[in-house]
Amino acid sequence: MSTPSLPSLAVRRLTLRDLTACADLSEDRGWPREEHKWGLLLTAGKGYGIDDPDGGLVSACVVTEYGPQDHPALGAVGMVLVAKRHARRGIGRRLMRHVVSAMGTTPLTLHATPYGRPLYEELGFKVTGRAEMMRGHFTPGGPEPEVVTRAATAEDLPAILRLDEEVFGADRTPIITRLPAFADRLRVAEEDRRLIGYAAAWPNMDTHVVGPLIARDTETAKALITSLAAHTDRPLRTDIDVRHEELLAWAKERGLASVAFNAVMTYGIPELPGDWTRRFAPLTVAAG
């Protein structure tokens, strides 16, 4: 059956019931299935998709909103996918136009691959930064960071939420409160009983993704990564803001290699809110 004309392809909201179809779409495009991540995004965010008349999905994406529920301060767009058999027919453009329209005046952000960047630029997104994807087995070495870290507890959650909103620039309570169940490890850094950073490591296929990574300074970020790496045999993966040159150099010295660069893009705002000097890595590039 051929794909109907573009005007007749309805965009609908996705739910957790669409998780397998979303994972199938990822696999179709050569991405990992990432069912664990899809599950988080479809419950904490809003999924949008176009059904394939032959079964499955033609296209999908997820928007994760931050800030007040009735007036979000920011929406992060991620997992924008079009089935290989329907590529280059304008379907991704149609889906993204629908999302931009549905979000109204809410500012948007996304991480764009070189392949996807031209479409987003056509829609009005502007490049405001870059992130370097790192991957590899972490090998300890050199002076140990002096910052004290420990496993997070339930009592730390209010302080984590306060620090995260201060650094990120918007309230992320719905997704951050899911971290204890989503991540395998959640660590905090302290000084004089005051929280100065936190980070999580969550399972993604054969790796542990480090994110979010929020820290007072580079030494605190190093300590959090080191403490997370000590509790896993898997390769680590993370996406570090390229402005954090010292942390990138340190990570490369300890076995993480550069995999790719993604453009950080915004729509409706000249740059991301918050404090980039303490925001080292996103929870996932799909959700900011």
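Q: How much space lies in the second largest pocket?
A: We're looking at a predicted model here. In it, the second largest pocket holds a space of about 450 Å³.

Q: Which residues lining the second largest pocket are the closest to its centre?
A: There are 26 residues that line this pocket. Pick out the ones closest to its centre and you get Asp241, Arg243, Val264, Leu272 and Arg279.

Q: Which element gives the largest share of the lining of the second largest pocket?
A: Start with the elements that give two or more residues: S4, S5, S6, strand S11 (236-241) and strand S13 (279-281). With four residues, the largest share comes from S6.

Q: Which element gives the most to the lining of the largest pocket?
A: That pocket has about 1,100 Å³ of space, and 38 residues line it. The top giver, with six residues, is S4.

Q: How many nonpolar residues are in the lining of the largest pocket?
A: Sort the lining by class and you find nine polar and nine charged residues. The nonpolar count is 20.

Q: How many charged residues does the lining of the largest cavity have?
A: Searching the whole structure turns up one cavity of 30 Å³ or more, and the largest cavity has about 40 Å³ of space. Its lining includes Phe138, Trp250, Glu144 and Arg254. Glu and Arg both count as charged, so Glu144 and Arg254 fall in that class. Next to five nonpolar and two polar residues, the number of charged ones is two.

Conventions: Residues are numbered from 1 along each chain as its sequence is written. This is a predicted model: local features need pLDDT of at least 70, side-chain atom pairs count only at pLDDT 80 or more; totals for chains, interfaces and linings use all residues. Side-chain values use heavy atoms; hydrogens and water are left out. On a 1 Å grid over the protein atoms alone, a cavity is a set of points where a 1.4 Å probe fits but cannot get out, and a pocket is an open set with protein on both sides within 12 Å along at least five of seven lines; lining residues have an atom within 4 Å of a point. Grid points are joined across faces, edges and corners, and a volume is the space filled by probe spheres set on the points.
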